[in-house]
Structures are given as C-alpha cells and as structure tokens.
Amino acid sequence: MLVAVLAAMSSELRPFVRAAGLQRTGEHYGGQLGGHEIVATTMGVGMTRAAKSTEEVLGSRAIDRLVVIGIAGGIDTTLPIGHVVTPEVIVDGETGVEYRPSGWAPVEPQGRLVTYNEFQTELEAMTQLQRDGFTVVDMETAAVAAVCERSGCVYSVFRAISDNATDGSVDAAIAGLLQPDGTTDRRAALRYVLRQPWRIPHLARLGRDSQRASRAAAAAAIRALQESAEPA
C-alpha cells in the first residue's frame, strides 16, 4: 500500500520522518513503515496551499491512502495539550460543507474539526464554534478532505492539540510570524520580541507545546500504520 503523509509545516512533519526512518528524495521523504510504502511532504499553511499540494501528490502517483498529521488549536477545553484528535467530521468553516474521513480499522474517529483559511475569521467565530461542539480548529484539513473526496482517495487525520484556541494564547500577531510555507519569518519574529520582550517566555512555551503536539500526532499516525500492516 502506498501512503502519502502530509503536514502543513516542516516542524510538524519532522517527528514523523525521524520516527519512521524516512529518507529525503528531492522535495519529499520516502521509505517503508509497517509494510507500507510511505511518501511524506509538507503542504504549507492555509487551505489554498493545502489543496494544491494534495492535488499534486495525488496526481503524481497512485496513492492508496492519504494521512494528514500536525497540530491544531483546541476548542474543547477539557482536552489537554498533546491530545490527538482523529475527527469523525471535518467542516469547512467558510462554506459549512462537511466531510467524513474514510474508515480505517486502527482508528476510531471521534470529534469535530473545523478549518478556516483566515486566522482572524477563526478567532471571531470561536464562541459559536464552542457552542456548536467543535473539538479542534486548523487551517488546512478541510481543503485536503475536499480534494481527496473529489479524487476518490481514502484519507485519515491525526491532529494534536498544541494550544487552547479559546484563550487568546495564539493571536493574529503570533500567527503572523509564520510565512505561507510554514517556516518562521525571522525578521517578523525579531521585531515581535524587540517590541514585546516580556512575551518571550510565552513564545517559548508555545514552541514546546507545538513540538509536543507534533510528536504526539506523528506517533499516533505511525501506530495506525503499523497496526494496519497486512500479514506477511
């Protein structure tokens, strides 16, 4: 089985690559895991980049399953940092269209994930999202789901909570420190800490929590791939 693994940012993909022992081949990583052939790559931040990357991956080879990994903002405040959500329902926050990830024996989907392309829109909608019972929020998954469903490719999602999206710990200014490809805008980050040096401990904590969540999502995806291996 050929499995494609996508993450928005290299920091989200790196724990998976290391734990799975993948090797870089051009812009992608590849290798074997649990009897599956794996191709892994980043897709960038936001729905437009996610959709384009998914189309490119699915168009380049016959993918049997696509797996999304990475971090998400927690809406359900009862869930801790690092909790992995494999959503039963994915909603495009802009259009309201719903998607349901494909069944997969190692995974028991649970929870509702909502995707917004604009961070500010996401923040403004947070109170209603809590009322509607959403679990987590991100900026890519619904776009990936839409492409997979149009292409007839089965897919699964592993998103781990990296921050509480309801408490303002990640605001538009912090979100703006990321470039569209998911890397840190170093100049913007430097300006941010020079203007608000008292926020440095907060940024450091967010970084640690993001790393913890990225490792958790990668580990959950790896377990699923290993458990789904076909007997030799």
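In this predicted model, Trp104 counts as buried because its relative accessibility is 11%, under the 20% cut-off for that class. Phe158 also counts as buried, since its relative accessibility is 3%.

| Residue | Relative accessibility | Class |
|---|---|---|
| Trp104 | 11% | buried |
| Phe158 | 3% | buried |

A search of the whole structure finds 1 aromatic pair. Trp104 and Phe158 make up this pair in an edge-to-face arrangement, with 6.4 Å from centre to centre and 75° between the planes. The pair connects distant parts of the chain, for Trp104 lies in the loop between strand S8 (98-99) and strand S9 (112-115), whereas Phe158 belongs to strand S11 (residues 154-164), 54 residues apart.

A ring is also involved in a contact with a charge: the charged end of Arg112 sits over the ring of Phe134, at 4.5 Å from the ring centre.

The remaining topic is helix packing. Two packed helices are described by the angle between their axes and the distance between the axes. For helix H2 (residues 47-60) and helix H5 (residues 141-151), the axes come within 8 Å and cross at roughly 35°, and the crossing in which H2 passes H5 is right-handed. On the H2 side the contact is made by Met47, Ala50, Ala51, Thr54, Glu55 and Leu58, while H5 contributes Ala142, Ala143, Val144, Val147, Cys148, Arg150 and Ser151. Sorted by class, the contact of H2 with H5 has 9 nonpolar, 2 polar and 2 charged residues.

Terms used:
Residues are numbered from 1 along each chain as its sequence is written. This is a predicted model: local features need pLDDT of at least 70, side-chain atom pairs count only at pLDDT 80 or more; totals for chains, interfaces and linings use all residues. Side-chain values use heavy atoms; hydrogens and water are left out. Axes are lines fitted to C-alpha atoms, for helices over the stretch in contact, and angles run from 0 to 180 degrees between N-to-C directions. Helices (H or I, at least four residues) and strands (E, at least two) are DSSP runs, numbered from the N terminus. A crossing is left-handed if the near helix is turned anticlockwise from the far one by less than a right angle, and right-handed if clockwise. Contact means heavy atoms within 4.5 Å. Ala, Val, Leu, Ile, Met, Phe, Trp, Tyr, Cys and Pro count as nonpolar, Asp, Glu, Lys and Arg as charged, and the others, Gly among them, as polar. Rings of Phe, Tyr and Trp (its six-membered ring) pair if their centres lie within 6.5 Å; planes under 30 degrees apart count as stacked, over 60 as edge-to-face and the rest as tilted. Buried means under 20% relative accessible area, exposed over 50%, partly exposed in between (1.4 Å probe, protein chains only). A charge sits over a ring if NZ of Lys or CZ of Arg is within 6 Å of the ring centre and within 35 degrees of the ring normal.
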